[in-house]
Amino acid sequence: MEYLIGVALALAVCVFAALVKFDRDRVFYPTLVLVVAHYYILFAVMGSSMMALTSESVVACAFVALAVAGFKKSPWLTVAGLAGHGAFDFFHHRIIENPGVPVWWPGFCLSFGIVAGVFLATLLMRRTGFASRV
């Protein structure tokens, strides 16, 4: 169920952003990367784990750097940040022990990140005419 909710919410956020033209501003999707990158920090605080807080903060810094690079250099780096964070959720429990993470979160976040990344990639290809050049 968490996968379905992640897909539905990612589509709702991305379609809404497109409809109201939030996504026309180059900062929208990098900000989305920033937001999703910080939830695990919140979970570490909720789980009262300093070890998890430290580890999650290091990982979040990597995604923050990717979001900034996506904003300043190429929106394709933002696609990598969204999809990469989704993929990271698949392995997260094997890398970092964070007692505050809800059981359903990794599946939700995985599907949200992948769908949002694919949505942005599709927008980039359509807006730049990439698909017609292939």
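The crossing of helix 1 and helix 5 is right-handed, meaning that the near helix is turned clockwise from the far one by less than a right angle. The model is predicted, with local features needing pLDDT of at least 70 and side-chain atom pairs counting only at pLDDT 80 or more, while totals for chains, interfaces and linings use all residues. Residues are numbered from 1 along each chain as its sequence is written, and side-chain values use heavy atoms, leaving out hydrogens and water.

**Helix 1 with helix 5**
- The axes of these helices (DSSP runs of H or I, at least four residues, numbered from the N terminus) come within 7 Å and cross at roughly 35 degrees, where axes are lines fitted to C-alpha atoms over the stretch in contact and angles run from 0 to 180 degrees between N-to-C directions.
- Contact (heavy atoms within 4.5 Å) involves residues including Tyr-3 and Leu-9 of helix 1 and Phe-112 and Phe-119 of helix 5.

**Helix 4 with helix 5**
- The axes of helix 4 and helix 5 come within 7 Å and cross at roughly 160 degrees, which makes helix 4 roughly antiparallel to helix 5, a term for angles over 145 degrees.
- Among the residues making this contact are Trp-76 and Leu-82 of helix 4 and Trp-105 and Leu-120 of helix 5.

- Leaving aside neighbours within four places in sequence, Tyr-29 is in contact with residues including Cys-14, Leu-82 and Phe-119.

Conventions:
Helix = DSSP H or I, 4+ residues; strand = E, 2+ residues; numbered from the N terminus. Parallel < 35°, antiparallel > 145°, perpendicular 65-115°, else oblique.
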